[in-house]
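I want to look up a helix, then sulfur links, then some strand pairings.

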Amino acid sequence: MATTSVAAASEPDDGASGVRAAAHEIRAALADIQKTPGSFPAVSALIVHGDATPLRFVQGVARAGHPGTVDRGSRFYIASQTKSFIALLAAHLDETGVLPLDTSLAEIWPRLALPAPADPAKITMADLLSHQERLKTDTLNFLTAYVRAVPTSDYPTMLARYTEAREEGFRYANIGDLIYGAALETRTGRDWKDWLRQEVLRPLRLEQVHSRSSQAPTHRMVWNHRWDGSAWIAYPPKPDELMHAAGGLLASTDDMATWMRANLRRHSPTGTPSARGFERAQRPIAQAKLSDGEFVCDGYSLGWYSCVYKDERVLMHPGSYTGVVSATVLLPARDAGFSLVVNSDSAIEGLALELMKAFIGLSTDKGGESERLRKAVADYPSRLARVVSARRESVQKARADGIWGDWAWMPSQAETRRYLGVFRSERLGSLEVVQGAHGLEVRLGEMRLNLTPASPGLFGASKSALDAPEVFRYADDVDSLRWNDDRFVRVR
């Protein structure tokens, strides 16, 4: 069942035929691709043009194998597109004096120590949001994306212990938005979710955008998916704990339309945020280097890439997470925008790029785009097959490593009882090993891992059959264990 709209009578005349063509051809392409087994359970594709909505294509199921089709009010996870919303919030809070963008980290945390040559006094809020903070971290990225929320009070210690300095310039990552969110709460006593709701979502009348999954109606929630070659593996919506400032929003198709129009016109129906705030959020301040030779992103603002395709300047931000891909591209010259969310990661990122190119090219009457889309549709099954094959080969190669022996150990439940317990790592926190329905399981915050026995004390840890096993080894006395490079000590 689909919610579809193509061409509206109220559509503006300027460039209308090109945008209509983009809407028609993108809809047809997605409908054809969705017929391929393993492509995606559901899609939300949207084109706005002035007050019109030439395309609103929302089709599929929210969770594979379960009843419940998606519609224009279904909440899809939009991943890193969250950064564009944070950008507008930051510009607004700068304009109102709540948290000026030239505020340094030293002004937020006077005793903060960072690895040299990174200097807290020289890293500003604008640097954080434009990915010019000269820091990198695996720890904060991993914890916030998959394990747990990191309390604001822990940030100074985490930054001091678990970040590294990097070269100057732009480097896209989550760390800047994560730190900005912590800095905002430290300065004001209110978290970024409350600020965003009060200063951006409500004024823009975005009632179907949520930074907390618990606030969205359960029957409206869309699950994410990965294809194993024959069946879907479904992933539940992110819990509140993992909805962070670099990737923490759910949005409906209707509200993405409102969001695009507000950014294209730099206008809020309530006057908040101001036109100046929109302009500040969109203005490139960093030199980006993202290109496939055709679609060139040469700038980055507080939360948008500034890109060029066939001489047309656009704003764009993609998003991805386990089992979901999204993107929004704004074409100011046509007062038009395109938003896409697909609840699978089945060779979707490359497809999304082709669809963005087609939207820009068709909307501006450039040649060759129809042929591009036909080729993308024709090539998709083979691209998906290559992705599935590569995933299988990666798992098989990892399982064939000599470290595992021949996976011959098949312990009884009584034999594995000694491995149960709670363990703690200074870096990652508390980890619990429990007896599950199909063997030992690991609970690390919100993360769940299955343990496959290899030899006494050695297990392969993985999230699913699509993930290569990682070394999970106990000490002989089972009072500690190692998972990859982290040591966990038994606490009970």
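I started with α9, and it is mostly covered, with ten of its 13 residues buried. For me, buried means under 20% relative accessible area, exposed means over 50%, and partly exposed is in between, using a 1.4 Å probe and protein chains only. The buried ones in α9 include Trp-259, Met-260, Arg-261 and Leu-264.

A note on ground rules: this is a predicted model, where local features need pLDDT of at least 70, side-chain atom pairs count only at pLDDT 80 or more, and totals for chains, interfaces and linings use all residues. Residues are numbered from 1 along each chain as its sequence is written, and side-chain values use heavy atoms, with hydrogens and water left out.

Back to the helix. I looked up the span of α9, residues 253-265: from first C-alpha to last it reaches 19 Å, close to the 18 Å expected at 1.5 Å a residue. (That expected span is 1.5 Å times one less than the number of residues.) Helices here are DSSP runs of H or I with at least four residues, strands are runs of E with at least two, and both are numbered from the N terminus. Just after α9, I found Arg-266 with a positive phi of about 50 degrees.

Next, sulfur. How many disulfides does a search of the whole structure find? It finds one, counting a pair of cysteine sulfur atoms within 2.5 Å as a disulfide. Cys-297 is joined to Cys-307, S to S 2.1 Å. Cys-297 sits in strand β12 (residues 296-300) and Cys-307 in strand β13 (residues 305-309), so the link ties together parts ten residues apart in sequence. Both Cys-297 and Cys-307 are buried. Their link is right-handed, with 90 degrees about the S-S bond.

Then the strands. I count two strands as paired if DSSP finds at least two bridges between them. Two bridges join β7 to β10 (residues 250-251), and His-210 stands opposite Leu-250 in β10.

Last stop was β17, residues 421-425, where four of the five residues are buried. Five bridges join β17 to the antiparallel β18 (residues 429-436), and the two form a hairpin with three residues between them. Phe-423 has Leu-431 in β18 as its bridge partner. β17 also runs antiparallel to β24 (residues 486-490), joined by two bridges; there, Arg-424 stands opposite Val-489.
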